[in-house]
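Okay, thanks for coming, everyone. Let me put the structure up and talk you through a few packing details.

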Amino acid sequence: MSLAGCATAPVRLAGAPAERWPGLEPLLGVDAGASGLTLRVRSNGCAAKADFVFRVDRQAGQAVVAFARRRLETCKGTPSAADLAFSYEELGLTRADRIVIANPVLRPSA
């Protein structure tokens, strides 16, 4: 699945089932913008960028990026979503990189 965005190279979601990547955060979506990636994650109202870690592995001409929670969200707010922005620079990427997101993507329920 490709995502449209301002990046010169496409961003692809690996779309792996959650069981295959149990430590990775299931994502609600990813947006590739001009300056970086924005993740949409489930949240009870207190998810913050500092709660997440990432890893970039370069293989076969691609940058495979994986995101995981550093700590569980413990607030008791209303379940919703949070958008977390990561610049290409802080991820160690450039806009020209072919980027694959390893995290599972939650499909909207019908």
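**Core and rings**

So, start with Val41: leaving aside neighbours within four places in sequence, Val41 is in contact with Glu25, Leu27, Leu28, Ala47, Phe52, Arg69, Ser80, Ala81, Ala82 and Leu84, contact being heavy atoms within 4.5 Å. Bear in mind that this is a predicted model, where local features need pLDDT of at least 70 and side-chain atom pairs count only at pLDDT 80 or more, while totals for chains, interfaces and linings use all residues. Residues are numbered from 1 along each chain as its sequence is written, and side-chain values use heavy atoms, with hydrogens and water left out.

Val41, along with Leu37 and Ile101, has the most contacts inside the largest nonpolar core, which has 19 residues. By core I mean buried Ala, Val, Leu, Ile, Met, Phe, Trp, Tyr and Cys joined through side-chain atoms within 4.5 Å. Buried is under 20% relative accessible area, exposed over 50%, partly exposed in between, with a 1.4 Å probe and protein chains only. There's also a second, separate core of 5 residues, including Val64 and Val100.

Now the rings: Phe54, Phe67 and Phe86 form one aromatic cluster. Rings of Phe, Tyr and Trp (its six-membered ring) pair with centres within 6.5 Å; planes under 30 degrees apart are stacked, over 60 edge-to-face, the rest tilted. Phe54 and Phe86 sit 6.2 Å apart by ring centres, planes at 75 degrees, so that's edge-to-face. Phe67 is buried, at 0%.
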